[in-house]
Each structure stands twice: as C-alpha cells, then as structure tokens.
Amino acid sequence: MLRLEPLLSAEVTLAPPQEFGATPQGRRRIVPITGGTFSGPRLKGRVLPGGADWQVIREDSAAVLDTRYTLETHDGALIFVQNWGIRHAAPEVMKRLLAGEAVDASQYYMRTQPRFETGDPRYAWLNKIVCVGSGERLPAAVKLDMYEVK
C-alpha cells in the first residue's frame with residue numbers, strides 16, 4: 001500500500017513574470033526564482049536565486065508548470081530540483097492568479113511531481129525516490145509541500 005511521508009515545505013520567492021504572449025505552444029510565461037527557504041524532517045536550507053518556472057498556459061486555461069532550481073542545504077550540499085506540475089481553476093480564478101492576486105488555495109488545483117538530483121553522498125537517497133507535491137501561489141512567492149511516496 002502506498003503512503004505519503006512529508007519530505008519538505010518550501011517558500012520560493014519570485015520576480016514578476018516575463019510574458020511572451022501567445023506562442024504555438026500556448027501563452028508562454030517565465031517566472032524567475034529569486035530565493036527562498038525549505039525545511040523538512042531530513043533536510044533544510046535555502047533556495048538559491050537563478051532558477052525559474054517555464055510556464056505554458058494552455059487553451060483550456062490550465063497552466064503547465066516546469067520549474068527548475070537549486071536547493072542548498074544547511075550543511076552545504078547542492079540539490080537540483082525539477083518540479084513538473086499543473087495548475088487549473090475556473091477561468092475567473094485563473095485570471096486573478098495570472099494577474100498576481102492573492103487567491104485562496106482551495107479555489108484552484110496545483111499539484112506537482114518533483115524530482116531531485118545530487119552528487120552529495122549525504123543526500124544521494126533523493127536520487128532514488130518518487131515524490132508528489134501541492135502548491136499555493138502567493139503574489140510574490142509560491143508555497144510548496146512535497147511528499148515522498150512510500
């Protein structure tokens with residue numbers, strides 16, 4: 001039987017999105033990551049600036065999320081994260097989210113599939129786990145809760 005075990009919670013700070021407009025793939029946006037923090041039962045530290053969320057807003061108004069960034073643990077390990085996900089809501093709620101407004105997370109669906117990669121032997125276990133996550137979009141940040149699938 002599958003069960004979820006908390007892995008970490010993060011608050012990732014964001015710069016204003018770069019809006020590319022309608023492209024052949026959909027409405028393209030890139031949201032730069034400026035920093036943040038994370039903590040969990042087995043790891044904690046900070047989110048390094050320099051990553052981003054490469055989003056595509058589809059015609060059905062769902063946002064496909066492809067976020068890539070680096071975690072730095074409290075003891076100096078670097079962990080690459082690629083977090084694929086989807087966010088959708090009623091059109092009026094999506095419009096508010098895309099405008100950067102605060103929207104209660106119960107009004108939309110935001111789920112992710114984070115994958116981790118590191119060469120640090122202290123955290124090599126992250127290379128071999130499957131995770132799921134849920135998110136909440138704030139005006140200038142995103143809150144993420146990630147869970148290891150056991």
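Arg42 counts as partly exposed, with a relative accessibility of 35%; on this scale buried means under 20% relative accessible area, exposed means over 50%, and partly exposed lies in between, using a 1.4 Å probe and protein chains only. The model you are looking at is predicted, so local features need a pLDDT of at least 70 and side-chain atom pairs count only at pLDDT 80 or more, while totals for chains, interfaces and linings use all residues. Residues are numbered from 1 along each chain as its sequence is written, and side-chain values use heavy atoms, with hydrogens and water left out.

Side chains of opposite charge can pair when their charged atoms come close. A salt bridge here is a side-chain nitrogen of Lys or Arg within 4 Å of a carboxyl oxygen of Asp or Glu, and the structure holds twelve of them. One joins Arg42 to Glu5, with the closest N and O atoms 4.0 Å apart. Arg42 sits in the loop between E3 and strand E4 (44-47) and Glu5 in strand E1, so this pair ties together parts that are 37 residues apart in sequence. The strands named here (E, at least two residues) and the helices (H or I, at least four residues) are DSSP runs, numbered from the N terminus. Glu5 is partly exposed, at 26% relative accessibility.

Arg42 also forms a salt bridge with Glu148, at 2.5 Å from N to O. That pair links distant parts of the chain, 106 residues apart, since Glu148 belongs to strand E10. Is Glu148 buried or exposed? Glu148 is buried, with a relative accessible area of 7%. Glu148 meets Lys150 as well, in a salt bridge of 3.6 Å, N to O, and Lys150 is partly exposed at 35%. Taken together, Arg3, Glu5, Arg42, Glu148 and Lys150 are linked in a network of salt bridges.

Arg42 lies over the face of Trp125, at 3.9 Å from the ring centre. A charge sits over a ring if NZ of Lys or CZ of Arg is within 6 Å of the ring centre and within 35 degrees of the ring normal. Arg111 is placed over the face of Tyr109 in this way, at 4.9 Å from the ring centre.

Helix H1 spans residues 91-98, and its residues Val93, Met94, Leu97 and Leu98 are buried. They cover an arc of only 135° around the axis, which puts them on the same side of H1; the arc is that of the directions from the helix axis to the C-beta atoms. The face turned away from this buried side carries the exposed residues Glu92 and Lys95. What covers the buried residues of H1 includes strand E3 (26-39), strand E6 (63-73) and strand E8 (108-117). Just after H1, Gly100 takes a positive phi of about 85°.

Tyr108 has its place in strand E8 and is buried, with a relative accessible area of 7%. Among the residues that Tyr108 touches are Val93 and Leu97, along with Arg87, His88 and Gly135.

Most residues other than glycine have a negative phi, and most peptide bonds are trans. Ser61, however, has a positive phi, near 75°. Asp60 lies in the loop between E5 and E6 too, and Asp60 is partly exposed, with a relative accessible area of 49%.

Methods: Contact means heavy atoms within 4.5 Å. Lists of a residue's contacts leave out its neighbours within four places in sequence.
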